[in-house]
Amino acid sequence: LTSSKINRGKVNLEKGENLIALGKDREALNALLSAYRTFPNDPRVCELLGDIRYRFRKYREAIVFYNKAFKYNPRSLKLLFKITDVYKKSNNAKQALAFLNNHKDDFYSSSKLITKEIGLIKFLLKDTANALSILETCINIDPPDSNVYIALGDIYVSKGSHRNAISMYLRAEHLVKDKVKIKLALSNLYFIQKNYFKAEQGFLSILSIDPKYPGANQSLGDIHFAKGTIKNALQYYLKERSYHGSNAHIQKKVGMIYYELKDYTNADIEFKKLITIAPYDAFAYYQLSRIALKLKKGDKARNYFEKGEMKGKADININTYKEIGDGFAQIGSITQAIKSYKKGFHLDPKNEKILINLGKVYKKAGRDNEAAQIYIKVYNLNKTKNESFLADAGHIFFKKGKKLEAYKIYSELIEKGYRIPDVAINMASMEFEKKKYEKVIPLLTN
């Protein structure tokens, strides 16, 4: 190279550096490309060109320049990490890991920093077991790194170790500028732990930064719903919906709140919206059936109930099935009442109220044998106070001519000392038929 070319190359390099300092990357790029034509193997020129291409998100071109710079400056830890970072940015984390593993022995004095980066890349590659074992050794590394704490927090969350996750996120919170994501992670964990005060404070803090942050108002609604302050919950759900539109979760909660507030008209509106968003949701159809019963609309209640059955299993508690069953029983829809009570029975075979009501509607439907079997179950749940149900089962068998079953039931009641007139009279008649006259008179006398 002639001295004039060398001087022009140096001038262009200096010009490029100055333009970068002024934030004029495009003008700097032209100057540095001119310098590159003069000094194609200069690590400083190559690194600066890599930096510009990186900022332009031209990651493939950045890799080429960084690798060339590293070739002529293989002891640069800064370049090592720049190359690693650009591989990650170009969705090539495996190549980043391979690059670090190939060169880690050349940087013995910086082994802790390289180990930390390897751990972070393994986390990126979802190799959480190895990432955890590596990153846990980097917790107290100096200077502290928020990426380590966030990665460990995420791993602990996936393992259900919420206390450890909270500890890591709290460390990270002091180090990051954008605190919203950390506050979000912490608030969600506090909610899972039912620490509603801290969860609420966290989400309110997020809204103080961004009043329309997606999901924050919904989460505050969930907190108040869990606490039972449903009017506050409703306000937050409606606010979330006004900012970001509706979703199945909000529709379901809003509908449930209106129902609890006995505003059945609005509850009906909200659950109808839910089935347009989530037409597969059996819960919505059962709720609409429940609401229709409250509004004295029997035909609609039956229609929604049948549609709910067609949709399959629903996330409904036993009290809802009981309430629907009671509603159908009151309007004489015995078939639907039986179905609803049976669904409740399958959820909890030892629920006394469900069993008693199921027995009653079986009896109304003329399904006496099934009613008797239910009454026996009711008695077995509490033999010290439910003797009348066992007696009813015995009476059913007696009327059906099933004297053997009736005799066994009456015998148990008499042996336990229960004094029930109809039981004694029916038992006396059966003993009379057997010509056991000596037993008849004591039964009738008692």
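## Cores, a cavity and a pocket

The largest nonpolar core here has 69 residues, and Tyr286 and Val361 have the most contacts inside it. A nonpolar core is a set of buried Ala, Val, Leu, Ile, Met, Phe, Trp, Tyr and Cys residues joined through side-chain atoms within 4.5 Å. Helix α17 (residues 282-294) gives this core its largest share, nine residues. This is a predicted model, so local features need pLDDT of at least 70 and side-chain atom pairs count only at pLDDT 80 or more, while totals for chains, interfaces and linings use all residues. Residues are numbered from 1 along each chain as its sequence is written, and side-chain values use heavy atoms, with hydrogens and water left out.

**The cores**

- In soluble globular proteins, nonpolar side chains tend to be buried together.
- Which residues does tyrosine 286 touch, leaving aside its neighbours within four places in sequence? Tyrosine 286 is in contact with Phe305, Gly308, Glu309, Ala314, Ile316, Tyr321, Ile324 and Lys343; contact means heavy atoms within 4.5 Å.
- There's also a second, separate core of 33 residues, and Ala131, Leu152, Met168 and Val176 are included in it.
- Helices like those named here are DSSP runs (H or I, at least four residues), numbered from the N terminus.

- Methionine 168 sits in helix α10 (residues 162-173). It counts as buried because its relative accessibility is 5%; buried means under 20% relative accessible area, exposed over 50%, and partly exposed in between (1.4 Å probe, protein chains only).
- Setting aside neighbours within four places in sequence, methionine 168 is in contact with Ile139, Tyr149, Leu152, Gly153 and Tyr156.
- Go from methionine 168 to lysine 416 and you cover 248 residues in sequence and 64 Å in space, C-alpha to C-alpha.
- Isoleucine 52 belongs to helix α3 (residues 43-55), and at 0% relative accessibility it counts as buried.
- Apart from neighbours within four places in sequence, isoleucine 52 is in contact with Ile20, Asp25, Ala28, Leu29 and Leu32.
- Isoleucine 52 and alanine 62 are ten residues apart in sequence, with 7.7 Å between them in space, C-alpha to C-alpha.

**Cysteines**

- How many disulfides does the structure hold? It holds zero, where a disulfide is a pair of cysteine sulfur atoms within 2.5 Å.
- Cysteine 46 is buried at 0% relative accessibility, and cysteine 138 is buried too, with a relative accessible area of 3%.

- On a 1 Å grid over the protein atoms alone, a cavity is a set of points where a 1.4 Å probe fits but cannot get out, and a pocket is an open set with protein on both sides within 12 Å along at least five of seven lines; lining residues have an atom within 4 Å of a point.
- Grid points are joined across faces, edges and corners, and a volume is the space filled by probe spheres set on the points.
- The largest cavity has a volume of about 50 Å³, and Asp268, Lys272, Leu288, Ala292, Leu295, Lys297, Lys300 and Tyr304 line it.
- The elements giving two or more residues to that lining are α16 (264-277), α17 and α18 (298-311).
- The largest pocket has a volume of about 480 Å³. Of its 20 lining residues, Lys88, Glu117, Leu120, Leu124 and Asn147 are the closest to its centre.
- Helix α7 supplies the largest share of the lining of the largest pocket, seven residues.
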